[in-house]
Amino acid sequence: MGFRARSPREMYRYAFRLDQPERSLSDGFGWTILLLGDSTDRTREFLLRYGVELSIKTAHRIRFAFFSGITESETERFAQDVNCGRFSTRAFLDALQRSLRGTSLRGGPLDWEGGQLRDLRPRAFAPFRDAREIHGHLHDAYRLIESTIPGAEAAAWLAQEKLHIGRHVPCLLLFTDLGAPQYHILPFGRHSVSEVYERVRSWIDSYYEINAETLSRWSSVEEQIQSLGQQADISLRTLRNWTAECRTDWLALSVLAESARIARQRPETAPQELDTVVATLHKSFPWRVSTELAPVWKRLNDLRTREKEAAALTRTASSLAESTDPDRIVLLLRNLYAERPLTISAATHEQVAHASTLWSEAFPISARQELFCWWRCAGTSISSRRVFRQARYRMREFYQAQQREGESYADHLRRDYDVFWTVVGSRPLSADAQETADHVIAQLAVHYAVSPTGPAWTEAAEHMRRHVTASLRATQRSAPAWVLSLDPPVSLRDGLFVGHLPNRRAMEEFLASSPALAVAVHALDGPDRLRLRSERHWTSCLAHRDAIARTLREEARRKVATPESRSALSRDIVSELQRVHIKFAARVERNTPEELRKEAGFGRIKANLEVVEELCSALSEYDDAIRDLVYPYVNDPWVVALPIPADLRTDISARAGAEPDDPIATRRDTLGTLRVNIQESLDRYEQTSRDGTRWSPDVRFADVLTSVLTEPRARAVLGPLPGETLREKAARAVREQRAVELLGTLSRQELALLAAHARPADSPAPRLSTAETETPAGVLSLFGLRCPPRVFISYAHEDDGGAHTERVRALWLLLRGLGVNAKLDLVAAEAPRDWALWTFHEYQSADYVLVVASPAYRRRAEGSETPGTGRGVIWEAQLIRNEVYARPDSWHRRILRVVLPDGSSDDLPAYLGGHATTHYTVDPLTRQGAEPLLRYITDQPYEIESPLGPPPHLPPRSPN
C-alpha cells in the first residue's frame, strides 16, 4: 500500500524502530520502500509514472512511502474531503499526480503559478520567477530545497543528517519491520526510472511467490485471533447488556399496551397518545417501535402542519380585512407575495400579485417603509465577515506573510476586514459593480504589499473579485430605485444597514446617522404622498383586499381536517398501536434463555477456549518463520547494504533493551485477555439468564403481585391455582389467560397498589386514570399484557326446539376456547338477575358485540314482534340502535353481524346496514369456519400492506 510519511522524523523513528509501534504478526513479515528524492526531473518522473501504481500493487505486506511536502493542515483537509465523499480514496495520490503533470519532464520550466501545484505546495513555498529572486534567496537553504519539489527538503534531511547517504540520492531505502535490522538502498545512479521500477516490481512478485506458504499460514493465525476476539467481545457484550435490553423491551411493551388501551377507550385522545408513545420511545426505548409507528406519526404531523397553516392563513386574512392603512395593506400583500410564508395555491398567489401591483400603484409605500423593508430582506453578503473570510482564504499565501508577530488569527482577520470594509463602504451604492471590485482588489494588493498586476495576485484575488461583484449587484437589484438615484450618491456605508438585529429601533437610529438618507426620506414622505386618484379607485382596491381575505379564509377551511378524517385517523392510530403491541409482544416472548444462548454464541465459547490454547502453541514457531523469510532485494547486485551509523546504533540498542518490538508478546497478551473474557462469559451466563427472565411480562406480573400482597392474602388469592410457589402460580395464570379472573378477586385498593408498583421507579409513570387503574384490563396493560378481547353475544331464542340456541352456545364455547372472553346469558341465567342492568353492563364492557342473525331477532329488533315477547332482545336492540345513531361512521367496527349455519343475512335488522355492511358467516362452527371473525377480533389480519418500492425509471418516447 502507498503511504505519505507524516514527517521525516516520524519516518526515521519508524524505520529504525525508535517508536513504539503495535505491529501485527503478518505485518512483521513485510518491508518498506521509502523514496528519498531530490529536485531532479528523475524523482518527479518516478513519482508521476509509477507512484500510484506502486502504492496499489505492493498490496498490504509491502509499504511504498514518499515525502510529499504537503503541510499537516492541507493533509487534514484532503482527509476530510475523502471522508465526506468528495473525493475517492486515491484523491491524495491523484492530486499529487495532477500537480506533477504541470512539470516538464524534458527540462522545461515548471509552472509554479498554475494553481494545481500551488494547492499542494507547503506553506513555506516561495516560487522563483527570475534570477534576482534566486540570488536573493540563496542564503535560505530551507526555502531553496522546499521550493524545488514537494518532499525534497524532508528527504534531504533524512538522507544527509541522519543516514549520511546524500551522495546516493535519489534512491530507495529498503528496510524490514522485525527480526534482525536490515537496511539497504537502491541508488538510481545511471539507471533509468523505468529500470528502477521494473527491478522493484520483480522483487515484489518474487517476495509473494517465494514466501506464499509462510504468509498464508501466519495470516490465518492472525485472522483466527481477530475472529476469536470479535466472538468473545460479542458474547461478553451480549451477556452484559442482556438484562438491560430485556428491561427496556418490557418497558416499551408496557407503554405500548397502556397507550393502546387509552386510545381505544378514549378515541378522541388517540393523537395525543401516539405523540406520547413516539416521544417516549425516541428518548428511551428501541428504535424498532418508533420505526413501526412512523407512518401514522407522519400522518399526524401532516395534520398538525395543515392546521397550523390554516390558523396562519386565518390570521393573515383577518389582518388584511381589518386594515385600512394603505401602507399596512401594501406591506401585507408584498410579504404574502414575495416571501410566501404560507402555503397558498398558485391561483391565490397570482391574485395576490395582481392586488399588490394595484395597491402599490394607487398608494405607493412610504419611503421609510420601503427602506426598512429592503434592510430586512436584502442580502448583505458584501458586508458579511464570514463570507469575506471564505473569499480571503484563496489569498492565504499573501495575507499569511503579513501576519504580525504575536498576532492571533482572529485579530489578523479583523484587521484585514476593517481594511476591506473601509474601501467597500466608501464606494457609492450606485457605482458600477465591476469598477468597485477592481478598486477593492487594488487596495487589498496595497495592503498586502504585492503588485496588483502580478499573475499570482490576479489569480488568487479572482474569487474575491467575483464575490464583491456579485454581492454588490444583488444589493443594487433589491434596493429601492430612489436610493440609487440620489444626487449626490449615497455610499455603501451610509446606505446599507449592517446591524445584527434589523429591528425598527436599530434601523431608525441608523437612518438618523445617515444625513443623505434622512433628508431624502423626509422629502419623499411629504403630505402629498397619499393623494387618492379617485373614489372609484379606492373602492376597487378595497374590493381586491376583501376578495383576497375571503380566498385565504377559504383555503384555511380546506386545510382544516373534517370530523370524519379525524375519526378515521384516530381509528388508524388505535389499530396501529394494537398492531405494534402484538408484534413487539412476540419479540419480548423471544427474550428467553435459549435466545440468549444463541445471541451470545454460548455453544462456541467452550470450543473457543481450546482454540486459544492451540494458537498459544503456534506462536512458538513465529521466530523460526521470521528467520526463514526471503527478501529478494538483499542479494541484488544493484542494492547496497546500509551500515547503521554509530549514533543510531546506540539509540537502537537502548530502545531494543528497554522495550523490544515483540508482536508475539502482544498476541500472547491478546490471547490472555481472550481467556479472561471467555471465562467471564461462562460465569455470567446462568445469572444473566435468570435476570433476563424476570423482565418477561408474566414473571414481572408475578413478582409485583406477590410483593404488594401480604403472604396470607397472596395464599388466599393464589391458593386454588396450579403451581408450586406463589410466583409460579401467578405467572402460570398469566400464561394460561387467567389473569383477568385472578385480578377479579382483588379489591379496588389492591388493584391500584398493583398498578402503582407495575413499573420501576425510574421508568415512565402510568398515564391511566384512577378509575382505569382499578380495573383488571388497565392493570394488565401496565405489565405489557392485553386482556383477551371481550365479546357480548346478542341473539334471540327461536321456537325451534332450542336448535338455534345450541348453535349460539357452540359459538360461545368455540370463542372462549380460542382465547376470546365471550359472554352469553346462559351462564348468567343460573342465578337471579336484574337483566336490564346485567345487559347494559355487559354491552358497555364489551370490545365487540356479535349480533346473531335469526328471524325472531329481526322481528323484535325492528319492532314487528308481538307485544310482550322477547323483551331482552328489544332492550339489547335499543342499545345497539343508540350506538348506530350516535356513531354512524364507525359503529360497524364494534357491532359485528354474524350468520351461523342454517342462518341468512336477510334475518339481520335493516338498520345494521343491509347488504352494504360486512357480515361474518361462521360455517362450520370450527376454528377454520370462524377464522375471518377471529382475525378481526384478535387484530391478526391475513393480508397486510407491503412497503412501497421506488418508482421505476420510465424514459420518454424518442422524438424520432
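## The whole chain

The chain holds 44 helices and 11 strands; helices (H or I, at least four residues) and strands (E, at least two) are DSSP runs, numbered from the N terminus. This is a predicted model, in which local features need pLDDT of at least 70 and side-chain atom pairs count only at pLDDT 80 or more, while totals for chains, interfaces and linings use all residues. Residues are numbered from 1 along each chain as its sequence is written, and side-chain values use heavy atoms, with hydrogens and water left out.

Buried means under 20% relative accessible area, exposed over 50%, and partly exposed in between (1.4 Å probe, protein chains only). The accessible surface of the chain comes to about 49500 Å², and 52% of this belongs to carbon and sulfur atoms. These areas come from the Shrake-Rupley method with a 1.4 Å probe, and for residues only the protein chains shown count as cover. Among the contacts (heavy atoms within 4.5 Å) with a separation of 6 or more, 76% are between residues 24 or more positions apart.

## The nonpolar cores

Next, select Phe701, Leu705, Leu754 and Phe783. In the largest nonpolar core, which has 54 residues, these four touch the most other members. Helix H10 (residues 212-265) supplies the largest share of this core, 11 residues. A nonpolar core is a set of buried Ala, Val, Leu, Ile, Met, Phe, Trp, Tyr and Cys residues joined through side-chain atoms within 4.5 Å.

Which residues does Leu705 touch, not counting residues up to four places away in sequence? They are Leu718, Ala730, Leu742, Leu746 and Leu754. A second, separate core has 46 residues, including Leu413, Trp457, Phe497 and Ala520.

Proceed to helix H24, residues 504-512, where the buried residues are Met507, Phe510 and Leu511. They lie on the same side of H24 because they cover an arc of only 100° around the axis; the arc is that of the directions from the helix axis to the C-beta atoms. The face of H24 turned away from this buried side carries the exposed residues Arg505 and Ala512.

Helix H25, residues 515-524, comes next, with Leu517, Ala520 and Val521 as its buried residues. These too cover an arc of only 100° around the axis, which puts them on the same side of H25. Exposed on the other side of H25 are Pro515, Val519, His522 and Ala523. Ala520 also belongs to the second core.

An α-helix has 3.6 residues a turn, so residues three or four places apart point the same way.

## A covered strand

Now select strand E10, residues 895-899. Five of the five residues of E10 are buried, so the strand is largely enclosed by the rest of the structure. Ile895, Arg897 and Val899 are buried on one side, and Leu896 and Val898 on the other.

Strand E9 (residues 848-852) pairs with E10 in the parallel sense over four bridges, and Leu850 stands opposite Leu896 in E10. E10 and E11 also run parallel, joined by three bridges, and His919 in E11 is the bridge partner of Arg897. Two strands pair if DSSP finds at least two bridges between them.

## Backbone features in loops

Between E10 and E11, stop in the loop at Asp902. Phi of Asp902 is near 70°, a positive value in a residue other than glycine, and Asp902 is exposed at 74% relative accessibility.

Ala449 has a positive phi of about 60° although it is not a glycine. Look for Ala449 in the loop between helix H19 (433-447) and helix H20 (455-460); at 59% relative accessibility, Ala449 counts as exposed.

Two cis peptide bonds follow. One joins Asp487 and Pro488, with omega about 0°; Pro488 sits in the loop between helix H22 (481-484) and helix H23 (492-495). The other runs from Asp923 to Pro924, with omega near 5°; Pro924 is in the loop between strand E11 (919-921) and helix H44 (931-937).

## Last stop: the cysteines

Finally, select Cys171 and Cys246. Are they buried or exposed? Cys171 is buried, at 0% relative accessibility, and Cys246 is buried with a relative accessible area of 2%. With a disulfide taken as a pair of cysteine sulfur atoms within 2.5 Å, the count comes to zero disulfides.
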